[in-house]
Amino acid sequence: MKGSYELRVQNQFGGFCTRVLKNEANRIHNEYAKQREKEKSWEDLSQVELERLSVVDKYFCDEHVFEVLDKQVIVISDLLAEAIANLSDVKREIILLSYFLGMTDREISEHLHVVRQAVSKRRTRILKELREHLEKEGLEWPEL
């Protein structure tokens, strides 16, 4: 049997542990209560608050995809995409290869099997054509 001293120490330690656990449980309970006071349910939020908290992905909403050299070229502007779509296949290919895929005149000429200077002249004419189309649609160019 245990002595009275050991039993008393054991009871004191058990009481201490019980108080520590009760205090910790009360602290956690109070913390949750404070947190609940600060929180709002989704139903209680106004439309303005909901819009501030929400995010809308705009991926692929206003994008137009053109394919050239088995690669997809994405154009975001509706007006520009319409202007590019109105071009003939060869003209569209020159513009997409040059400005969207960053190919040089030499690389484009090798792909199209034409002289490099022809690509340069065609691109200049195509850009003029695109500009005229965009101006007809109401796009204004800044004065340089």
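**View 1. Phenylalanine 13 sits in helix H1, which covers residues 4-38.** Helices here are DSSP runs of H or I with at least four residues, strands are runs of E with at least two, and both are numbered from the N terminus. The model is a predicted one, in which local features need pLDDT of at least 70 and side-chain atom pairs count only at pLDDT 80 or more, while totals for chains, interfaces and linings use all residues. Residues are numbered from 1 along each chain as its sequence is written, and side-chain values use heavy atoms, with hydrogens and water left out. Phenylalanine 13 is exposed, at a relative accessible area of 55%; exposed means over 50%, buried means under 20%, and partly exposed lies in between (1.4 Å probe, protein chains only). Together, Phe13, Phe16 and Val20 make a nonpolar surface patch of about 310 Å². Patches take residues with over 30% relative accessible area and no salt bridge, joining nonpolar side chains (Val, Leu, Ile, Met, Phe, Trp, Tyr) within 5 Å and like charges within 9 Å. The areas come from the Shrake-Rupley method with a 1.4 Å probe, and for residues only the protein chains shown count as cover.

**View 2. Arginine 27 and glutamate 24 meet in a salt bridge through their side chains, at 2.6 Å from N to O.** A salt bridge here is a side-chain nitrogen of Lys or Arg within 4 Å of a carboxyl oxygen of Asp or Glu, and by this rule the count comes to eight. Because arginine 27 and glutamate 24 are three residues apart in helix H1, about one helical turn separates them. Arginine 27 is partly exposed at 42% relative accessible area, and glutamate 24 is partly exposed at 34%.

**View 3. Arginine 92 and aspartate 89 form a salt bridge, with their closest N and O atoms 3.0 Å apart.** Both residues belong to helix H4 (residues 89-100), where they are three residues, or about one turn, apart. Look at the two partners in turn: arginine 92 is buried, with a relative accessible area of 18%, whereas aspartate 89 is exposed, at 57%.

**View 4. Glutamate 135 and arginine 131 form a salt bridge in which the closest N and O atoms are 3.3 Å apart.** These residues are four apart in helix H6 (residues 116-136), so about one helical turn separates them. Glutamate 135 is partly exposed at 39% relative accessibility, and arginine 131 is partly exposed at 40%. Elsewhere, salt bridges that share partners join Glu24, Arg27 and Glu31 into one network.

**View 5. Strands S1 (residues 64-68) and S2 (residues 71-75) run antiparallel and are joined by five bridges.** Strands count as paired if DSSP finds at least two bridges between them. Valine 65 of this pair stands opposite isoleucine 74 in S2. The two strands form a hairpin with two residues between them, and leucine 69 in the turn has a positive phi of about 55 degrees.

**View 6. Asp62, Asp78, Glu82 and Glu137 gather in a surface patch of negative charge.** Asp and Glu count as negative and Lys and Arg as positive, with His and the chain ends not counted. Each charge is placed at NZ of Lys, CZ of Arg, CG of Asp or CD of Glu. Aspartate 78 lies in helix H3 (residues 78-85) and is partly exposed, with a relative accessible area of 46%.
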